[in-house]
Structure formats: C-alpha cells, structure tokens
Amino acid sequence: MTGKWLRRAVLLAACASAAVLTACGSSTIESALAPSRFIAFGDGLSDLGQSGSRYTVNDGTVNVWTQQVATSYGLNLSTVSAGGKSYARGHARLISTTDDVGGSTLSVKQQVDAFLAADKFGGNDVVFINGGLGDLLAQYAASTDATALSNVMSQAGTDLGTQVRRLVTAGAKYVVVSGLYDVSKSPWGVASGQASNISSAVLKFNSALLLSINDLGANVLYIDAAYYYNLVIASPSGYSLTDATNIACTSVDSGKGIGIGTSQVNASLCTTSTLASGVDYTKYTFADKVYFTPAAQTLYGTYAYGRMKSRW
C-alpha cells in the first residue's frame, strides 16, 4: 500500500471511530429534516450557471449535484443572478479574488460575505459549500513544484474550513461540505505527468479541511468527493456509465477556458450540439478534462442526498 493510500485509510478509519463519528457524517438516526430552502457557495463544480452556462453539458436538465439534492427534497435551487440562493461560480478560489484564469471572480469567502450581509439562516436551511479546484489549478499553472502545491492546498483546505465555521457561527444548522475530488484521476490529471503530486495535494486539502471542521459535527456533514468519484472512475459500469477516460464535449475555448491552458475543451461552452461524434454523453463521466457530465453530477448529488437522509 502506498503512503498516499495508507494516509487515506488512516483518515477513513478515524471517521469510523466514536470520537469523530458525527464529524464524518455517520448516523443511524431516521431522517427528520424537512429543508425550507437551500443555499450554496462554491466553484465551477457547483455553479448553476451564474454567468449563463454551467460547467457540464448544458442540456437543460438537473445537471449539477446541488440542484439534484434540492430536487430530491422537492425544492428548487437557482443562481443568485436569477434571484436564487446559489452563489457558486466557476473559477472561484477560496480567498483570492484572482481566479484560476487570472481574472476576477468572487471568492468563496466573498460569496459567504455577500449572503451574510443581506440575509440570515433559518432553522431548516441547508447550506452547500465546496471549493479548492480553483486554488489547485491556479497554483499548478504558477508552479508544478510538489511541495508548493501541497502547501497551498493544505492552506486552502483550512481556508474552506474557516468559511464552514463562519456559517455555523452565523446560525447555519445544516451545512453540507463537499471535499475536492481526486483531480489526478481526471483526463487532465492523468495526462499531466504530475498525477502523484496532484493526488497528494488533493489529499492535503481534504485532510486539512476535515481537521478544521472536526469539532462541528452536530451541524456539518462532510461528503467525500474523492472517495465517491474514485469509485465511479475506477468502475464506471457499476454506475451505469461506460467511459471514465475520454471527454464527451468538443467545445474548444481559444482563451484560458477552464484553467488548464488555452485552446482546451471548456464544458461551460458545451451543449448537446457540441458533443464528440457518436458519443452518448449520458454514459460518460467527464464533459471536459476537469469537469463532470450531468450523469456524473447527478450520481454525486444522489449520493449526497442519501448521506443527508441517513444523517439528518
């Protein structure tokens, strides 16, 4: 067993221990939560189309995990720009307002700031929060040095934990925190030649996040995206998918696109008219080299919903 997987095994074993059971989200209590509304903060993995499109195949379906959860509870979730409560937006970093393509995007912290300045949490509000992808891509573009990447991502994990704590302190009783998926398993990560370093950096992020929210177990549910998506990618047929290696879209962006370089496929430009020839995108895991298809997104949303029902 490699050091990386040993550390993950230790972390998962810790989540099974009585001392941190609630922080890891395990429970046998029958669900009693009836959410009144959903609120979301995050990056492109949760963006419901803040700027008009989503980082997936834009097919008009429920195709982002947060919306899938809301729909499962019989509620709606839409962007702030459309009058809703999802603040998540592509390219967002945790703290820095210089996003992963060198532009200016509201950070996750600023998204939380904006909500807290204008609203307050109700007793049955459910909050989603995620982040880290923008920080990973920005640091990788600046330097592929393994130590620097791990240090930046460890701090980013702590930074996300700080925002989770702010939410709980402000009165949020139900906060669903999505960890970062193992980006080394993405088509970009596999082709990077730095998969091991990327995977280690993701592990640093998720470990730092877990440590920073460990004492918030009564109010916080951690969803292990790395664990779940690793299962999907390793065995797509087990999830009614056929391809976890190739990408479904052909929507090349001549600009900086999704943060992995110019002239790359950008899922936010992808529709059912820009799919690779002969591709059934409902059976693919990745829309572009970083972001997921609607099928993979809704699978994760269903998984998160199940975890919520068993916890609350």
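## Two helices side by side

Angles under 35 degrees count as roughly parallel, over 145 as roughly antiparallel, 65 to 115 as roughly perpendicular, and the rest as oblique. In this predicted model, helix H4 (residues 108–118) packs against helix H6 (residues 146–169) at about 10°, with axes 10 Å apart. H4 and H6 are therefore roughly parallel. Axes are lines fitted to C-alpha atoms, for helices over the stretch in contact, and angles run from 0 to 180 degrees between N-to-C directions. Helices (H or I, at least four residues) and strands (E, at least two) are DSSP runs, numbered from the N terminus.

From H4, Lys-109, Val-112, Asp-113 and Leu-116 touch Gln-163, Arg-166 and Leu-167 of H6 (contact: heavy atoms within 4.5 Å). Three of these residues are nonpolar, one is polar and three are charged.

## One disulfide

The structure has one disulfide (cysteine sulfur atoms within 2.5 Å). Cys-249 and Cys-270 form this bond, S to S 2.1 Å. The link is left-handed, with -90° about the S-S bond.

Cys-249 sits in the loop between strands E5 and E6, and Cys-270 in the loop between E7 and E8, so the bond ties parts 21 residues apart in sequence. Cys-249 is buried at 3% relative accessible area (buried: under 20%; exposed: over 50%; partly exposed: in between; 1.4 Å probe, protein chains only). Cys-270 is buried too, at 0%.

## Confidence

pLDDT is the predictor's confidence in each residue, from 0 to 100. The protein averages 92, and 90% of the residues score at least 70. Over residues 1–29, pLDDT stays under 50.

## How to read the values

Residues are numbered from 1 along each chain as its sequence is written, and side-chain values use heavy atoms, leaving out hydrogens and water. Local features need pLDDT of at least 70, side-chain atom pairs count only at pLDDT 80 or more, and totals for chains, interfaces and linings use all residues.

How values were computed. Ala, Val, Leu, Ile, Met, Phe, Trp, Tyr, Cys and Pro count as nonpolar, Asp, Glu, Lys and Arg as charged, and the others, Gly among them, as polar.
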